[in-house]
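My entries follow in the order I made them.

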Amino acid sequence: MGTLSVFLDVPLAKKADIPLDYYREDPHPQKELLGHAGCQTDAGEAWIPPVVQRILLQISQDPTLTHEYLPELGIYEYTRAATELAIGKESRALLENRAGGVHTIGGTGALWIGAEFLCHWYKPRISTPMALYIAKPQLESLGCIFQVAGFTDIRPYHYWNPVNLTVDVKAFLQTLQNAPTGSIVFLHAPEEIGLKPKEWEVVAATMEKKQLFPFFNIESQGLASGNLDRDAWALRHFVGQGFELLCAQSFSKTFGLYDELAGNLIVVTKNNETLIRIQSQLGRQICTTWWSPSSLGARVIGTVLNSPALLYECGQGLINGGAKQGYQRQGEGSGCKPRKLSLRMVVERIMLIREKLKEKLRILGTPGSWEHLTAQSGMCSFIGLHSSQVEFLVKHKHIYLFENQQINICSINSKNLDYVAQSIHEAVLATSLKDYNLDLEGVDMS
């Protein structure tokens, strides 16, 4: 045997944009991570609904459950309930048996199976080359899935104006209007993008006119507005307009099951015959990918979604009540033991953090407007800093956020709020002064 490895030519892969890795490697005692993947409590711990913890315990003690392989398409009771949650129980697509779900290993598994299926089978009746459009913030993190699946023409689109710090509907629509007929448009987290229903109607009309195919990605339903139905409005509108579409669905954030990945790939077609054929192909893909999906997370989620009482308990009035701006978390800053958070309380906490951060920056006199912090909704938020300011936070304040300059609002809590606000203030001042000095270079001040 030779001494040289046959893998000498394997290059070192580029590190993924995962702030947690850089955060863990930093030995500095005062470091902060604003790029958590999921919901965090005020104590900085991963949030899990109390009802989920209880069901996990019940399942572990259920003697009737076996560990046999699941069917290729997974647990029907779970995929049916998950699909109903997304497109609505009374959706015509469901009533006409032309919409269904496929049980996947997390939302990423749904994206992969959907991307691979589209690359192989999506053939619009047009002669122009097929392109796939994905929002700029997700181009690095999710675009690679489509690239590995076989897509070669992947193009970014913009829905956020980093100068005005507002949703840029005009730029988004312009991209759609200029897209080749029959292109695929990946719509990530429509519940958090910030488009109003009337604007979504225009987007849908534009995509229908250009025969564009929508691929939705729902990963935070309920965590944006505090209302499950409202957060699914865009998807339901597209389904109601008669679009054929795919939708990757994830429950990690809403159920706190990050290590028990349960996803669902929703397929909406023109008729039941087409749905059956598509599901047969998806089942074949699954057989060569993971053979059988994992069961524990899906059993927990399916149990909650199929029980109105448990769903209400999990959300604490999430469906009908929505969130209240004036929420103050019990026990916060009082020294008493805080109660466990329901989903509704998490949404209220997100809203409150946005308000507090904006107010802290106002009191500090931080240059610029920070209204965009409360104008956005959901866990992820564009912070409104440019690259040099983000670099300042990492290098001088040991604060880590996503490369796309978004933060997870849940990563801010009562213990680090002041430090985060002061650090943002210093980053803005330091980089503004640097830019001012650069502008003065070469100017005769005599």
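This is a predicted model: local features need pLDDT of at least 70, side-chain atom pairs count only at pLDDT 80 or more; totals for chains, interfaces and linings use all residues.

**Entry 1: H5 and H13.** H5 passes H13 in a right-handed crossing. H5 covers residues 106–121 and H13 covers residues 272–287. I read an angle of about 120 degrees between them, with the axes 10 Å apart. Angles from 65 to 115 degrees count as roughly perpendicular and those over 145 as roughly antiparallel, so about 120 degrees falls under oblique.

Next I listed the residues that touch. From H5 I have Ile113, Glu116, Phe117 and Trp121. They meet Ile278, Gln281, Leu282, Gln285 and Ile286 in H13. By class, I get six nonpolar, two polar and one charged residues in the contact of H5 with H13.

Entry 2: I picked Val300, which sits in helix H14, residues 296–305. Is Val300 buried or exposed? Its relative accessible area is 0%, so Val300 is buried. Leaving out residues up to four places away in sequence, I find Val300 touching Val52, Ile55, Leu56, Ile59 and Leu257. I also checked Val300 against Lys358. They are 58 residues apart in sequence, and their C-alpha atoms are 37 Å apart in space.

**Entry 3: H2 and H14.** The axes of H2 (residues 50–60) and H14 come within 10 Å. They cross at roughly 120 degrees. H2 and H14 are therefore oblique to each other. I noted the crossing of H2 and H14 as right-handed.

I sorted the contact of H2 with H14 into seven nonpolar, one polar and one charged residues.

**Entry 4: H9 and H11.** I moved on to helix H9 (residues 197–209) and helix H11 (residues 233–240). At what angle do the axes of H9 and H11 cross? They cross at roughly 40 degrees and come within 10 Å. That makes H9 oblique to H11. The crossing of H9 past H11 is right-handed.

H9 brings Pro197, Trp200, Glu201, Val203, Ala204 and Met207 to the contact. H11 brings Trp233, Ala234, His237 and Phe238. I counted the contact of H9 with H11 by class as eight nonpolar, one polar and one charged residues.

**Entry 5: Positive phi.** Asn97 has a phi of about 55 degrees and is not a glycine. I place Asn97 in the loop between helix H4 (92–95) and strand S2 (99–104). Asn97 counts as partly exposed, at 43% relative accessibility.

Gln405 also came up, with a positive phi of about 65 degrees although it is not a glycine. I find Gln405 in the loop between strand S12 (399–400) and strand S13 (406–408). Gln405 counts as partly exposed, at 25% relative accessibility.

**Entry 6: Cysteines.** How many disulfides does the structure hold? I found zero. For Cys144, the nearest cysteine sulfur is that of Cys119, 15 Å away. A disulfide needs the two sulfur atoms within 2.5 Å, and Cys144 is in none. I noted Cys144 as partly exposed, with a relative accessible area of 34%. Cys287 is also partly exposed, with a relative accessible area of 21%.

Definitions and conventions:
Residues are numbered from 1 along each chain as its sequence is written. Side-chain values use heavy atoms; hydrogens and water are left out. Axes are lines fitted to C-alpha atoms, for helices over the stretch in contact, and angles run from 0 to 180 degrees between N-to-C directions. Helices (H or I, at least four residues) and strands (E, at least two) are DSSP runs, numbered from the N terminus. Angles under 35 degrees count as roughly parallel, over 145 as roughly antiparallel, 65 to 115 as roughly perpendicular and the rest as oblique. A crossing is left-handed if the near helix is turned anticlockwise from the far one by less than a right angle, and right-handed if clockwise. Contact means heavy atoms within 4.5 Å. Ala, Val, Leu, Ile, Met, Phe, Trp, Tyr, Cys and Pro count as nonpolar, Asp, Glu, Lys and Arg as charged, and the others, Gly among them, as polar. Buried means under 20% relative accessible area, exposed over 50%, partly exposed in between (1.4 Å probe, protein chains only).
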